[in-house]
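Come along as I look things up, one entry at a time.

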Amino acid sequence: MEALLFNVSGGFLEGIVRGYKAGLLTQNQYNNLTQCETIEDFRTQLSATDYGNFLANEPLPISTSTISDKATQLLVDQFNYLRSNAVEPLSRFLEYMTYAYMIDNVILIITGTLHGRNTNELLQRCHPLGVFDTMPALCVATNVEELYHTVLVETPLAPYFRDSVTAADLDDLNIEIIRNTLYKAYLEDFDAFCQSLGAPTADVMHRILAFEADRRAINITINSFGTQLSKEQRAKLFPTIGRLFPEGNNTLARADDIDQVRQAVEPVAEYRAFFDTAPGAGGGRPNGAGSESTANLLGDLGELGAAAELEDRFFVHEVHLNKLAFLQQFQYAVFYSYIKLKEQEIRSVTWIAECIAQNARDRIHDFIPTF
């Protein structure tokens, strides 16, 4: 039934986003970028892609932060076009996608307020996808108490704050706990909304959001080692929608070292590969990972230094899941996946540009391609 009626309201925008996806950089284009000797050559090579002349008016030398900002602005423009043409329930789905960026922006402003910084300057550092109409109202607050009540009234995140955070929690020690508490509430709410949409959107998005939930649970566990965060507090920060829930989450909550984390994720084959550092697990560099097999993608990181980091393995698996979303039609997950793939592409482009600027040719291939 969803296939019969989907194109009435979503067909045009799905076609647009699949067109955007076709413009993502290919392996050959990445190879051309890595062979550039200067940032000027880099800009010339990028102009032959879908990025076009987005750096044409920038004076030399172009900083890598400028490249990242301009590329991000292109992504924001594409997202805003999709959002402005969307109707329910797609418009609501796209709104949910912005909540993650809103959380980061609000936490940034709260942190700045705690340290007495100029909140207007902080607004310039906020991610444009997480900007909302009433964000300037946050700058009016002069103390944490005012800021808390402003967030409750003026932002779309009010339900998450109201249910999870009190004004007394807003201090330096709790700021990361607050961030993870909000993300937990957000991921569970977003997953519930996707389930209400029914298959196939519910199936594809649950797979992606479940991985995001498990990634956060693993990161929270590892980052809490050697801190004052109790195991009870740690357990409360874990989202309850992942593949590790509930047994894996309970094991992570009790973990004291990385080996116990490895044991907690052992039942999930894909996650087991994240901690597999055995020599010979795979060869080559991450930008050579062209196989559709997740195991091969992860194995390709086996002998690297920086790129073998756990976070890079997470990014590789995230890219794989988001690519799989495009194999099904008549569902909204392609909108989410395109944004995530484009963000990964921007990270890779920025990394290559930074290596060229720093003349670090030995590490220029330590990026994660999308296609």
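**Entry 1: Arg179**

I began with Arg179, which sits in helix α10; helices (H or I, at least four residues) and strands (E, at least two) are DSSP runs, numbered from the N terminus. Before going on, I noted that this is a predicted model, where local features need pLDDT of at least 70 and side-chain atom pairs count only at pLDDT 80 or more, while totals for chains, interfaces and linings use all residues. I also wrote down that residues are numbered from 1 along each chain as its sequence is written, and that side-chain values use heavy atoms, with hydrogens and water left out.

Which residues does Arg179 contact, leaving aside its neighbours within four places in sequence? I found Ile103, Asp104 and Ile107, where contact means heavy atoms within 4.5 Å. I then looked up the spacing of Arg179 and Asp104: 75 residues apart in sequence, and 7.5 Å from C-alpha to C-alpha.

**Entry 2: the largest pocket**

Next I turned to the largest pocket, which holds about 1500 Å³ of space. Of its 48 lining residues, Ala100, Asp104, Arg179, Tyr183 and Arg216 are the closest to the centre. My note on the term: on a 1 Å grid over the protein atoms alone, a pocket is an open set of points where a 1.4 Å probe fits, with protein on both sides within 12 Å along at least five of seven lines, and lining residues have an atom within 4 Å of a point. Grid points are joined across faces, edges and corners, and the volume is the space filled by probe spheres set on the points.

I checked which helices supply at least two lining residues each, and α5 (64-85), α6 (90-114), α10 (175-197) and α11 are among them. The lining divides into 21 nonpolar, 14 polar and 13 charged residues. Here Ala, Val, Leu, Ile, Met, Phe, Trp, Tyr, Cys and Pro count as nonpolar, Asp, Glu, Lys and Arg as charged, and the others, Gly among them, as polar.

Not counting residues up to four places away in sequence, Thr181 touches Ser164 and Leu237.

Glu212 lies in helix α11 (residues 201-224). I found Glu212 buried too, at 12%. Beyond neighbours within four places in sequence, Glu212 is in contact with Leu187 and Glu318.

**Entry 3: aromatic pairs**

I finished with the rings, and the structure holds 21 aromatic pairs. Rings of Phe, Tyr and Trp (its six-membered ring) pair if their centres lie within 6.5 Å; planes under 30 degrees apart count as stacked, over 60 as edge-to-face and the rest as tilted.

Why is the pair of Tyr96 and Phe190 stacked? The ring centres are 5.3 Å apart and the planes are at 0°, so the pair is stacked. This pair links distant parts of the chain, with Tyr96 in helix α6 and Phe190 in helix α10, 94 residues apart. Both Tyr96 and Phe190 are buried.

For Tyr99 and Tyr160, I noted centres 6.2 Å apart and planes at 75°, so that pair is edge-to-face. Tyr99 belongs to helix α6 and Tyr160 to helix α9 (residues 158-164), 61 residues apart. Tyr99 is buried at 4%, and Tyr160 is buried at 6%.

Notes: Buried < 20%, exposed > 50% of the residue type's maximum accessible area, 1.4 Å probe, protein only.
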